[in-house]
Amino acid sequence: MSVDIAALVAAARAADDPQALVAAIPYARFLGLEVGREDSVIVLTMRFSEHLIGDATIPALHGGTLAALLESTAIFAVLFDSERAVLPKTITLTIDYLRSGRGVDTKCRARIVRQGRRVVVVATEAFQEDASKPVATAIVHLLVADEER
C-alpha cells in the first residue's frame, strides 16, 4: 500500500492538524507520538509506555526511542514550518544523551538552524518535566531537495 506523504502533509497543513500525519505513520503510533504547538513551535510528545523501556533496572527509556523522537521532531518541524513539498530525508543525526530518560512522558521541540535549497539543519531537544534539563539533544541534517533534479 503506497501512501502519498505530500498529499497527507498538504491536508494536515490545510487543516492545521499535524496529528493527522502522525496517525498515518505506524512507527509514530507505536512510539505514542502526539504533535502539538507551543508558542508556534512544533512539539512532539512521546507518551510513556512500558514497551519504550530499554533498561528495566533503572528503569530508563531505550536510547533508540529517544533517537526516534529527536529525529521525528526535526522532520515534523520541516514539514510544517517550511514550504517544502518533499519528505525530508535524514543525512546525519548526531545525538548527545545527557541523562537517563525516566518512565514518564517525554517532549521534544525543534528549531530550524539553517534552511538551504537542498539541506535543512535542525536542532532538537528532548526533555521531561523540566524544559531546562534536557534528556537528549540532537543536530539533524535533512535533505529537502526534489529528487527529480
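User: In which helix is Ala 74 found?

Analyst: Ala 74 is found in helix α4; helices (H or I, at least four residues) and strands (E, at least two) are DSSP runs, numbered from the N terminus. This is a predicted model, in which local features need pLDDT of at least 70, side-chain atom pairs count only at pLDDT 80 or more, and totals for chains, interfaces and linings use all residues. Residues are numbered from 1 along each chain as its sequence is written, and side-chain values use heavy atoms, with hydrogens and water left out.

User: Why is Ala 74 called buried?

Analyst: Buried means under 20% relative accessible area, exposed over 50%, and partly exposed in between (1.4 Å probe, protein chains only). Ala 74 has 0% relative accessibility and therefore counts as buried.

User: What does Ala 74 touch, not counting residues up to four places away in sequence?

Analyst: Ala 74 touches Ala 110, Val 122, Thr 124, Val 140 and Leu 142 on that count, where contact means heavy atoms within 4.5 Å. The C-alpha atoms of Ala 74 and Ala 110 are separated by 5.8 Å, although the two residues are 36 apart along the chain.

User: What makes α1 and α4 roughly perpendicular to each other?

Analyst: The axes of α1 (residues 5-14) and α4 come within 10 Å and cross at roughly 65°. Such axes are lines fitted to C-alpha atoms, for helices over the stretch in contact, with angles running from 0 to 180 degrees between N-to-C directions. Angles under 35 degrees count as roughly parallel, over 145 as roughly antiparallel, 65 to 115 as roughly perpendicular and the rest as oblique; α1 and α4 are therefore roughly perpendicular. Val 9, Ala 12 and Arg 13 of α1 make the contact with Val 78, Leu 79 and Phe 80 of α4.

User: What is the strand order of the open sheet, and why do β1 and β5 count as its edges?

Analyst: The order of the six strands is β1-β2-β6-β7-β8-β5, with antiparallel pairing; two strands pair if DSSP finds at least two bridges between them. β1 (33-38) and β5 (89-97) each have a single partner strand, so one side of each is left without a neighbour in the sheet. On average, neighbouring strands of this sheet are turned by 25° against each other, direction ignored. Helix α4 (residues 63-81) packs on the sheet, and its direction makes about 50° with that of β6.

User: How do you know that β5 and β7 each pair with β8?

Analyst: Eight bridges join β5 to β8 (residues 134-143) in an antiparallel run, and β7 pairs with β8 in the antiparallel sense over nine bridges. β7 and β8 form a hairpin with six residues between them.

User: Why is β8 described as largely enclosed?

Analyst: Seven of its ten residues are buried, so β8 is largely enclosed by the rest of the structure.
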